[in-house]
Amino acid sequence: MSLLLLNIPRALGRRCVSPKRFNSSLVPKKNELQELITKVIGFTGPLPLSQFMRQCLTHPTLGYYTSRDPLGAQGDFVTSPEISQMFGELIGVWFYSVWNQQRCPSNVNMVEFGPGRGTLMYDVMSSFTKLVKRRHGDDSLSLNLIMVEASHVLRQKQASILGDSDVDATGEYWKGKSRFGLNNSITWVDTERDVYEVIDMKRDTNFIIAHEFFDALPINQYQKTEEGWREILVDVHPDTKEFVLVKQAKHTSACAIPESQERYNNVSLNTTVEISPESYQYSKVIADLISINSRGTGAALIVDYGTLNEVPENTLRGIKDHKFTSPFKDLGEVDLSVDVDFQAIAHAARDSHEVEILGPIEQGDFLHNMGITHRVKQLCKRAHDEATEHNIEKAYHRLVDKDSEGMGKIYKFMGILPKGYTTSMGFNQ
Ligand SMILES: C[S@@+](CC[C@H](N)C(=O)[O-])C[C@H]1O[C@@H](n2cnc3c(N)ncnc32)[C@H](O)[C@@H]1O
């Protein structure tokens with residue numbers, strides 16, 4: 001196998017703002033996850049990147065997401081819902097418009113993949129339930145929240161912001177009541193497969209949101225070489241004992257994945273592409289969940305940073321303290337993230353069901369189409385002082401601007417709707 005230089009690639013995504021000052025408590029200490037993965041590689045040989053990433057992010061006790069709340073100014077990165085309530089409110093309006101378009105189905109599950117602190121769901125529910133109650137009455141809908149969340153630390157945060165009662169964590173799934181009325185319940189599950197266990201598949205309409213979730217799903221890397229595709233693996237350097245990337249010397253069955261699709265074969269020689277088997281699985285489940293009921297109703301909104309059409313090339317990066325860093329150091333202390341391949345998600349969804357794909361379009365365009373400037377004016381009118389007004393406008397620019405400071409271009413919105421729903425608010429001006 002040949003050794004590859006560690007690459008901390010150019011970053012499409014944001015997350016790296018207002019660097020924190022050096023924290024002297026962050027002195028190097030024994031890293032249990034590093035020791036564990038080193039041992040595994042010692043026994044089994046080099047690991048596919050997806051296995052390495054999965055352990056780093058969601059190992060039950062040592063993983064990055066399972067052991068902390070990483071969001072916010074004090075954490076490692078800031079996300080759009082944490083910047084302004086407007087972001088989630090407009091997504092709530094989008095789901096309300098789809099609910100209307102689909103003739104107001106009466107049993108709805110609002111499913112969120114990777115809900116973070118629960119901020120996005122809170123804002124989505126605030127506008128969605130307000131519109132439903134105001135225009136259709138309190139009994140028009142039975143609404144259940146389903147949170148697909150691997151981290152128990154973040155589940156506690158979600159429960160505190162969304163819940164209206166103590167959470168019952170004794171059963172297979174955590175359960176609670178939401179504060180939004182409408183015959184509300186909240187259920188927490190670990191993976192996409194568990195969602196099927198807690199819904200009525202024939203009756204329910206599933207509305208699904210995944211914001212900055214797909215970028216955290218593990219990928220595998222493959223390099224196009226003169227001899228054909230070769231997988232890139234994680235190994236331990238024999239002298240330094242550091243993690244390094246190596247290229248497999250021989251063709252393996254895993255290489256059938258890039259070989260099978262034209263868009264991968266069209267890249268130039270020596271390009272390293274990223275393919276995420278878990279994203280494929282999640283996309284198929286999303287398409288399934290919005291297609292399985294007997295009414296033909298449901299919807300999904302996927303929001304993340306990534307390319308509109310191109311195959312992501314070598315984008316894996318580590319993120320710590322609002323800065324990019326090596327993904328192979330301080331394991332479990334560093335967030336790992338990749339650019340999302342929207343075309344692969346669309347492809348997987350279509351592979352599963354005859355769904356309609358809307359977009360992807362840039363975040364700035366989606367939020368403008370949804371009327372963010374009107375919401376800015378409303379909020380500014382209600383502001384009690386100039387400083388608040390200034391902050392609302394600053395948040396607006398951060399969300400929609402397409403320059404290097406803004407999130408309006410690098411983030412994309414993609415809608416998935418059941419067959420026949422070819423248009424919707426937000427995607428059409
Ligand atoms: C980058 S955060 C995004 C949080 C939130 N959506 C937001 O925008 O503020 C990723 C979220 O996905 C969760 N997560 C990451 N990998 C997961 C997995 N494999 N299964 C379930 N949840 C996962 C994390 O715990 C976290 O809640």
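User: Which residue of β4 is the bridge partner of Glu-112?

Analyst: In β4, Met-147 is the bridge partner of Glu-112. This is a predicted model, where local features need pLDDT of at least 70, side-chain atom pairs count only at pLDDT 80 or more, and totals for chains, interfaces and linings use all residues. Residues are numbered from 1 along each chain as its sequence is written.

User: How many bridges join β3 to β4, and do they run parallel or antiparallel?

Analyst: Seven, and the two strands run parallel. Strands pair if DSSP finds at least two bridges between them; strands (E, at least two residues) and helices (H or I, at least four) are DSSP runs, numbered from the N terminus.

User: How many residues of β4 are buried?

Analyst: Six of the seven in 142-148, so β4 is largely enclosed by the rest of the structure. Buried means 20 or more other C-beta atoms, placed from the backbone, within 10 Å of the residue's own.

User: Switching to the ligand. Which residues are closest?

Analyst: Tyr-65, Thr-79, Gly-114, Gly-116 and Ala-150 are the closest of the 21 residues that surround the ligand. A residue counts as near if its C-beta atom, placed from the backbone, lies within 6 Å.

User: Which helices supply at least two shell residues each?

Analyst: α2 (49-58), α3 (80-83) and α5 (119-136).

User: And where does the ligand lie relative to the domains?

Analyst: Domain 1 (2-20 + 28-70 + 222-274) and domain 2 (80-217 + 277-323 + 337-417) both give residues to the shell, so the ligand lies between them. The bounds come from an automatic or database domain assignment.

Terms used. Buried ≥ 20, exposed ≤ 12 C-beta atoms within 10 Å, placed from the backbone.
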